[in-house]
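Hi everyone, and thanks for coming. Let me put the sequence and the structure up on the screen, and then we can walk through a few places together.

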Amino acid sequence: GDIMYRYNKKNRELAKRYSKVKLAIGIFNGIFVPLIFLVFLLISGLNTNIVNIVSRFGILSIPVYAFIFMTLLVTVQFPVRFYSSFAYEHKYKLSAHTLRSWFVDYFKSLLLGFMFFIALFSGLFAIIGLSYWWIYATIAYLFLVLAMSYIFPIIILPFFYKIEPYKNAEHKKSLLSMTKSMGLNEIKNVVIIKESEKSKKPNAVFMGIGKTKTIGLFDTLIHNFPKPEIESVIWHELGHYVGRDNIRHVIIDTIKMMFILFVVDNVFRAYSIPLTVMSFPLIMLSFLLLELLTMPITNTYTRYLEKHADLFSLRLTKNISAHVSTEMRLADMHLSEERVHPLIEFFFYTHPTTAKRIAYAREYWKKGKKKMN
């Protein structure tokens with residue numbers, strides 16, 4: 001069939017610059033800055049000073065340490081974070097934020113970040129002295145992730161976004177009847193997420209567990225894509241849902257967490273370093289390095305799940321031209337590159353590159369056509 005959308009040459013040029021810098025900034029602020037910060041805490045004696053200061057807070061010394069640690073870290077990360085998510089996004093006309101609305105969102109995310117970090121930190125140091133603490137910590141982590149998934153559509157998302165019921169009754173009905181026909185009777189709700197107030201980037205999500213299951217459509221998707229392409233995106237998300245990919249993510253995440261905690265416990269014991277607040281920067285350093293080690297493995301698995309969600313969508317819509325068109329339009333709207341170096345993809349990409357996604361789909365389509373003939 002005929003493809004509705006083709007790459008915009010200007011956007012392809014912009015994408016090359018935009019995405020390379022965006023990735024470099026992410027690696028710098030997400031990996032190098034924390035590494036340098038943690039090493040500095042240890043070498044400079046600053047960590048010892050903080051521990052001495054908080055020791056007079058008695059029972060509150062642990063949460064107070066967590067608060068100071070987090071404050072220092074977000075302060076160090078702030079300049080690059082501001083540049084990356086405000087200035088740089090505006091430079092490429094991808095952001096719809098005003099300075100004020102950006103700061104409102106930033107402080108909301110800080111508020112949540114502090115709450116979680118202080119709770120996790122205090123919980124961790126309450127059990128870290130026990131034998132097999134890493135097993136208890138993993139179990140607690142699993143429950144936390146499940147609780148987060150449950151409250152996400154009803155508490156966290158509305159904290160950041162304006163959310164409206166989906167007004168297009170006809171489309172909503174056809175979506176829900178489609179999910180019902182697959183035996184997914186628990187999905188009752190379709191909402192519009194007002195992304196357009198923050199950015200130009202389109203998306204759709206299936207979120208929540210149990211009673212909070214919801215289909216979320218970004219208004220940026222609904223307003224900028226023709227109906228067959230909207231369907232293509234929605235069924236991709238449905239593919240994740242039918243494949244229980246969210247559960248798979250939770251499981252792989254929990255296994256990874258257990259592995260990291262287990263290694264930390266053993267390494268610290270082997271070198272008889274006490275697991276105390278005093279050695280927390282060292283714990284975080286080990287964490288960060290193990291996280292980097294496991295990242296390519298989890299990303300490879302995630303790319304595999306994404307590929308299968310694509311093929312699921314194609315099987316349902318039976319519309320290869322809409323599928324290819326969607327990929328191109330998404331790449332242009334997100335300014336993502338069609339191809340990157342295989343090593344970059346292997347380490348850092350959670351989705352296959354656009355070129356690969358189109359190639360997989362076309363190959364799958366050809367095979368299917370042969371079978372039908």
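Let me begin with a question: is Phe143 buried or exposed? Phe143 counts as exposed, because its relative accessibility is 58%. For these words, buried means under 20% relative accessible area, exposed means over 50%, and partly exposed is in between, with a 1.4 Å probe and protein chains only.

Before we go on, a word on what you are looking at. This is a predicted model, in which local features need pLDDT of at least 70 and side-chain atom pairs count only at pLDDT 80 or more, while totals for chains, interfaces and linings use all residues. Residues are numbered from 1 along each chain as its sequence is written, and side-chain values use heavy atoms, with hydrogens and water left out.

Back to Phe143, then. You will find Phe143 in helix H5, residues 133-160. Helices (H or I, at least four residues) and strands (E, at least two) are DSSP runs, numbered from the N terminus. Phe143 also belongs to a nonpolar surface patch of about 630 Å², made together with Leu130, Tyr132, Ile135, Tyr136 and Ile139. Patches are made of residues with over 30% relative accessible area and no salt bridge; like charges are joined within 9 Å, and nonpolar side chains (Val, Leu, Ile, Met, Phe, Trp, Tyr) within 5 Å. The accessible areas come from the Shrake-Rupley method with a 1.4 Å probe, and for residues only the protein chains shown count as cover.

Tyr132 lies in the loop between H4 and H5 and is exposed at 54% relative accessible area. Its phi is positive, about 60°, although Tyr132 is not a glycine. Gly129 is found in the loop between helix H4 (99-127) and H5, and Gly129 is exposed at 73%. Now follow the chain from Gly129 to Glu164: they are 35 residues apart, and their C-alpha atoms are separated by 47 Å.

Lys93 is another residue with a positive phi, about 55°, although Lys93 is not a glycine. Look for Lys93 in the loop between helix H3 (61-91) and H4, where Lys93 is exposed, with a relative accessible area of 62%.

Let's turn to charges. In general, side chains of opposite charge can pair when their charged atoms come close. How many salt bridges does the structure hold? The structure holds 20 salt bridges, a salt bridge being a side-chain nitrogen of Lys or Arg within 4 Å of a carboxyl oxygen of Asp or Glu.

Here is one of them: Arg357 and Asp310 meet through their side chains at 2.8 Å, N to O. Arg357 lies in helix H13 and Asp310 in helix H10 (residues 280-317), so this pair ties together parts that are 47 residues apart in sequence. Both partners are tucked away by our cut-off: Arg357 is buried at 11%, and Asp310 is buried at 3%.

Glu363 is partly exposed at 43%, whereas Lys367 is exposed at 51%.

Another salt bridge joins the side chains of Glu197 and Lys162, at 3.1 Å, N to O. That pair links distant parts of the chain, 35 residues apart: Glu197 is in the loop between S2 and S3, and Lys162 is in the loop between H5 and strand S1 (163-165).

There is a network of salt bridges as well, linking Arg12, Asp332, Glu338 and Arg339. Asp332 lies in helix H11, residues 320-334, and counts as buried at 2% relative accessibility. Asp332 and Arg6 are 326 residues apart along the chain, yet their C-alpha atoms are separated by 9.3 Å.

That brings us to my last stop. Arg6, Arg362, Lys366 and Lys370 gather in a surface patch of positive charge. Here Lys and Arg count as positive and Asp and Glu as negative, with His and the chain ends not counted, and the place of a charge is taken as NZ of Lys, CZ of Arg, CG of Asp or CD of Glu. Lys366 is found in helix H13, residues 354-372, and counts as exposed at 57%.
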